[in-house]
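Student: I have a model open and want to learn how to read its features. Can we go through a few together?

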Amino acid sequence: MTQPPLFLAIDCGTQSLRVIAFDLQGQLVAKAQVAIDDYFSREPNWSELHTHVIWDAVCRACHQLWDESQLDRSRIAGVAVTSQRASIICLDENGEPVRPMITWMDQRRATELPKLDLKWKAAFKLAGVDDTVNQFLQDAEINWLKQHEQSNLDKTHKVLLVSGYLNFKLSGEFKDSVGSQVGYIPFDYKNHQWARKTDWKWQACPIDESQLPQLVSVGTELGTISKAAFQQTGLPEGLPIIASAADKACEVLGSGVLAPHQGQISYGTTATINVIYSKYIESVKYVPPYPAAIPNHYCCEYQIYRGYWMVSWFKQQFAHFEQFKAQQSGDSVEALLDQQASKIPPGSEGLVLQPYWSPGVRYPGPEARGAIIGFNDQHTRAHVYRAVLEGIAFGLFEGKNKIESKSKTKITELLVSGGGSQSRSALQLTADIFNLPVKVPHTFETSALGAAINVAVSCGYYSSYPQAVEQMCHIGETLLPIEKNVQLYKRIYHDVFAKMYQQLKPLYKVLKKLS
């Protein structure tokens, strides 16, 4: 009797790389995980990684999967890559890294900027987005490389995102999915292709199109596992590689989101709220929606740039006692902090946090900083920790309001995934702040599941994405809002949080100049 198929996802996040096999019902059959913790910083605020670390993690994770799960590799119908966004890799003609990868967390800035045509400059000035465009020019890694490492840029044959690099290592071809193109690259987000030659992005990010990979539509075959990749990973030679999408887009699909009334929150390193549309909608003006993990669809996103990184920041800076206690008890530091946060009343007894430790692309503004107000002598570290969780949720609630305003569609269903979805306190306060039931997917690995759904549909095991979602996405639990908490959070949001930024903005501008 023929064994049922399995769908393999390679999920390269910021903190780890996972290789995961799912079955036809979306159940996790086998998983291997390798930590990625070799980031380094040669200058303040830089973040780099030796590119080979990622491919090494793929090879190690695959062999771990074969050794520990005894997985029958003949059952694997196909494989797809989903990965972190906006990290840049430069390869030479032999496919070898020219320099370390510049990660999405890197904050270096170019100061010698390319010149834009006068017509574009006039249009941006008229639209009031000069600062946003100037920030794009500064942030684009290509401009920094042209200014500081022209010799490395001269050696660069291909400029790839992490997904493009992994797809190249697996197939031997410089191809990448349309769904993975999120970064400072000349991509046309409306038409899902490289920008037209007349587009301003080619001036803002001066690169030749020949240095970019061939784009493949989401949900189609991108290539097959090469002999070299088989020898290094053990993945079956000739196995189809299916074009998937970036990690956040795959999380949306893997959470079961298909319609505009469904909001999907990802409590990851970057915290986001996403809604999927079949038409192009900008939740924040001039910030484009990125490609969804469903062909010809868009993910309309609002993000808290550092998001649940703030939990790691808090843990490293303030939770030394909990770290010691975790070593003694075997519990995680996050679990101990969550226990403490659950004992703090909603609203953190008057402590309110604005979660802009790092500003986003356009909103709230390039001068943005974080703030905590309302301290008195009764507040403890546990209050601050709960205020962090509440501040992130308040920020995403603000994003929900902006998305609804632009789309004219109410979000009536909320699904939450990502690392923060393992916190009961975070889930409950999210239900209370949004005043919506919070649905938690049956698996924590929603990004990998989204990629597996791409494989399942592409290989013909399901005739459509709605059919695949119905069979492969399930709700693990649902948390309902608590009415008295809803009313309290409404007052905090409207009377305090929603007013904080404009009140503090002049001070943020001064601080930016001073630092």
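Student: Which side chain does the side chain of Glu149 make a polar contact with?
Tutor: The partner is the side chain of Arg99, at 2.6 Å. Keep in mind that this is a predicted model.

Student: Where does Glu149 lie?
Tutor: Glu149 is in a loop.

Student: Is Glu149 buried or exposed?
Tutor: Check its relative accessibility against the cut-off: under 20% is buried. Glu149 has 13%, so it counts as buried.

Student: Next, aromatic rings. How is a pair of them described?
Tutor: By two values: the distance of the centres and the angle of the planes.

Student: How many aromatic pairs does a search of the whole structure find?
Tutor: The search gives 24. Take Phe187 and Trp194: the ring centres are 5.9 Å apart and the planes stand at 85°, so this pair is edge-to-face. Both Phe187 and Trp194 are buried.

Student: Why is the pair of Phe314 and Tyr385 tilted?
Tutor: Look at the angle. Planes under 30 degrees apart are stacked, and those over 60 are edge-to-face. The planes of Phe314 and Tyr385 are at 50°, so the pair is tilted. Their ring centres are 5.3 Å apart.

Student: Which parts does the pair of Phe314 and Tyr385 tie together?
Tutor: Phe314 sits in helix H10 (residues 309-318) and Tyr385 in helix H13 (residues 381-407), so the pair links parts that are 71 residues apart in sequence. Phe314 is buried, at a relative accessible area of 1%. Tyr385 is buried too, at 4%.

Student: Which residues form one aromatic cluster?
Tutor: The members are Phe394, Phe397, Phe434, Tyr489, Tyr493 and Phe497.

Student: Where does the charged end of Arg108 sit?
Tutor: Over the ring of Trp46, 3.8 Å from the ring centre. Arg85 is another case: its charged end sits over the ring of Tyr290, 4.9 Å from the centre.

Student: Last topic: pockets. How is empty space found?
Tutor: A probe the size of a water molecule is rolled over the atoms, and that shows where empty space is left.

Student: What volume does the second largest pocket have?
Tutor: About 530 Å³. Its lining has 20 residues. Ser47, Met105, Arg306, Trp309 and Gln316 lie nearest the centre of the pocket.

Student: How many residues of each class are in the lining of the second largest pocket?
Tutor: Count seven nonpolar, 10 polar and three charged.

Key: Residues are numbered from 1 along each chain as its sequence is written. This is a predicted model: local features need pLDDT of at least 70, side-chain atom pairs count only at pLDDT 80 or more; totals for chains, interfaces and linings use all residues. Side-chain values use heavy atoms; hydrogens and water are left out. On a 1 Å grid over the protein atoms alone, a cavity is a set of points where a 1.4 Å probe fits but cannot get out, and a pocket is an open set with protein on both sides within 12 Å along at least five of seven lines; lining residues have an atom within 4 Å of a point. Grid points are joined across faces, edges and corners, and a volume is the space filled by probe spheres set on the points. Ala, Val, Leu, Ile, Met, Phe, Trp, Tyr, Cys and Pro count as nonpolar, Asp, Glu, Lys and Arg as charged, and the others, Gly among them, as polar. Rings of Phe, Tyr and Trp (its six-membered ring) pair if their centres lie within 6.5 Å; planes under 30 degrees apart count as stacked, over 60 as edge-to-face and the rest as tilted. Buried means under 20% relative accessible area, exposed over 50%, partly exposed in between (1.4 Å probe, protein chains only). Helices (H or I, at least four residues) and strands (E, at least two) are DSSP runs, numbered from the N terminus. A charge sits over a ring if NZ of Lys or CZ of Arg is within 6 Å of the ring centre and within 35 degrees of the ring normal. A polar contact is a pair of N or O atoms within 3.5 Å; within protein, one must be able to donate a hydrogen and the other to accept it, and residues adjacent in sequence count only if both atoms are side-chain atoms.
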